[in-house]
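User: I would like to learn how to read side-chain contacts in a protein model. Could you take me through them one kind at a time?

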Amino acid sequence: MNARFVRPAAAAAVTAAMFVSTTACGGDGPAAPSGGKVVVAGEEIVKDEKLHDLLPEKIKKAGEVRVATDVPYPPFEMFVKEGEPALTGLDYDLGQALGGKLGVRFAFTPQKFDGIVPALQAGKFDVAMSAITDNKERQKVVDFVDYSRSGSGVLVAEGNPSRITTLDDLCGKKVAVQAATNQLDLLRTRQAACSAAGRGTMDIQTFPKDSDAQLALRSGKVVAQVLTKPAAGWVAKTADKGAAFDLVEDPAAPGGYNASPNGIAVSKQLPELTDAIQKALQALIDDGTLTAIYQQYGVASIAVQKATKNAAVDQG
C-alpha cells in the first residue's frame with residue numbers, strides 16, 4: 001500500500017506542510033558534475049569510476065540520466081518555491097546522490113504520473129523517480145531498483161498524550177482518516193481484531209482532506225490520524241516547525257502498515273543502467289548517505305537496508 005496507490009491522501013498533506021519553509025537542500029544544491037563531487041544531506045558524494053564504467057555508452061556520452069517525476073508529492077518531490085521550477089524532495093536528493101556516485105547528472109523533468117511509464121516506454125526518459133510502487137504489472141514494461149518500503153503511518157499530537165505505540169492502540173478511540181483511501185480500508189479491516197481483543201472498535205472519523213483531519217487532531221477531537229507514513233513523517237517534521245505532531249514508530253512495522261516497495265523505474269531497454277543504479281544505491285546505503293537523506297525528510301524508517309531489483313510483494 002504505497003503512496004502512489006492512495007495519492008489523494010499524501011498529496012493533500014502539502015496543505016499542512018507547505019506553509020513552512022521547505023528546508024531540504026536538494027533543489028537549490030549543485031547537480032552532480034561528470035567526474036566531480038556533490039554534497040547531499042551533508043554527505044559528500046564522490047564519483048566511483050567502477051560504477052561509472054557500468055553505465056550504457058549513451059548515458060556516458062550524454063553525461064546525464066533523464067528522469068521523469070510527478071511534482072508535487074511531498075516529501076518525495078516538491079518545488080523549492082511555488083511557481084518556480086527548482087525541485088527538492090527525497091527523490092530529487094537521492095537522484096543527485098546517485099548522479100554523484102555514478103559521475104553523471106540526474107536531470108529531473110516534471111511529468112504527469114499516469115504518463116510516466118508510457119514516456120519511459122517511448123524513450124523520452126531513461127528512469128522515473130516518483131514514489132512508484134513496484135508491482136508485477138509494471139514490471140512487465142519497466143525494471144525497478146527498490147529504495148524504500150512504505151505503507152500507512154500514525155500521526156499523533158506533539159508529545160503523544162494518548163500514548164499510542166501501535167495501530168492496535170487505536171481500538172476504542174477516535175481516529176481521523178481521509179475518506180476513500182487505503183488507510184480507511186485498513187482501519188475498517190482492523191475493527192474485528194479490536195472487538196476480539198475486547199478493546200472496543202475504533203470511532204473512525206472521515207474527512208475530505210488530510211489537512212482537515214489534522215485540524216481535528218490539533219483540536220483534540222481525535223487521538224490520531226492514519227495516513228501514508230511518508231506523508232505523516234513529513235507533516236510531523238514540518239508543521240509548526242516540528243512542534244505540532246509526532247510520528248508513531250512501531251518497531252514491528254518500520255515502513256508502515258501493509259508496506260510495499262517503492263522503486264526507481266528504469267527502461268527495459270537499458271539493463272546496464274538498472275545494474276549501475278542498483279550498485280550505486282547499495283553504495284549509498286553502505287556509507288550512510290541514504291539514511292541521511294531520509295532523515296532530513298522525517299522518514300528514515302522507510303529506507304531499505306539492501307538495494308533490490310523488482311522486489312514487488314504482489315503476485316501479479
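User: Which kind of contact do the side chains of Arg 105 and Glu 64 make?

Analyst: This is a predicted model, and in it the side chains of Arg 105 and Glu 64 meet in a salt bridge, with 3.3 Å from N to O. That distance qualifies because a salt bridge needs a side-chain nitrogen of Lys or Arg within 4 Å of a carboxyl oxygen of Asp or Glu. Arg 105 belongs to strand β6 and Glu 64 to strand β3 (residues 64-69), so the pair ties together parts that are 41 residues apart in sequence.

User: Are Arg 105 and Glu 64 buried, exposed or partly exposed?

Analyst: The general idea is that a relative accessible area under 20% counts as buried and one over 50% as exposed, with partly exposed in between. Arg 105 has a relative accessible area of 38% and is therefore partly exposed, and Glu 64, at 25%, counts as partly exposed too.

User: How many salt bridges does the whole structure hold?

Analyst: A search of the whole structure finds twelve. One of them joins Lys 140 and Glu 137, whose closest N and O atoms are 3.1 Å apart, and both Lys 140 and Glu 137 are exposed. Another brings together the side chains of Asp 275 and Lys 279, at 2.6 Å from N to O.

User: Where do Asp 275 and Lys 279 lie?

Analyst: Both Asp 275 and Lys 279 are in helix α10 (residues 271-286), where they are four residues apart, which is about one turn of the helix. Asp 275 is partly exposed, with a relative accessible area of 28%, and Lys 279 is likewise partly exposed, its value being 39%.

User: Now I would like to turn to the rings. How many aromatic pairs are there?

Analyst: The structure holds three aromatic pairs. Among them is the pair of Tyr 73 and Phe 76, which is stacked, with 6.4 Å from centre to centre and 20° between the planes. The word "stacked" applies because planes under 30 degrees apart are counted that way. Tyr 73 is buried, with a relative accessible area of 0%, and Phe 76 is buried as well, also at 0%.

User: Why is the pair of Tyr 92 and Phe 108 called tilted?

Analyst: The ring centres of Tyr 92 and Phe 108 are 5.1 Å apart and their planes meet at 50°, so the pair is tilted. Tyr 92 lies in helix α4 (residues 90-102) and Phe 108 in strand β6 (residues 105-110), so this pair ties together parts that are 16 residues apart in sequence. Both Tyr 92 and Phe 108 are buried.

User: Which cysteines are joined by a disulfide?

Analyst: To read a disulfide, one looks at the two sulfur atoms of a cysteine pair, which must lie within 2.5 Å of each other. By this rule the count comes to one disulfide, and it joins Cys 171 to Cys 194 with an S to S distance of 2.0 Å. The pair links distant parts of the chain, 23 residues apart: Cys 171 is in the loop between β8 (142-157) and β9 (174-178), whereas Cys 194 is in helix α7 (residues 182-196).

User: What is the handedness of the disulfide, and are Cys 171 and Cys 194 buried or exposed?

Analyst: The torsion about the S-S bond of Cys 171 and Cys 194 is about -75°, so the disulfide is left-handed. Cys 171 is buried, with a relative accessible area of 6%, and Cys 194 counts as buried at 1% relative accessibility.

Note on methods:
Residues numbered from 1 in each chain as written. Predicted model: local features only at pLDDT ≥ 70, side-chain atom pairs only at ≥ 80, totals over all residues. Heavy atoms only, no water. Phe/Tyr/Trp six-rings, centres within 6.5 Å; stacked < 30°, edge-to-face > 60°. Buried < 20%, exposed > 50% of the residue type's maximum accessible area, 1.4 Å probe, protein only. Helix = DSSP H or I, 4+ residues; strand = E, 2+ residues; numbered from the N terminus.
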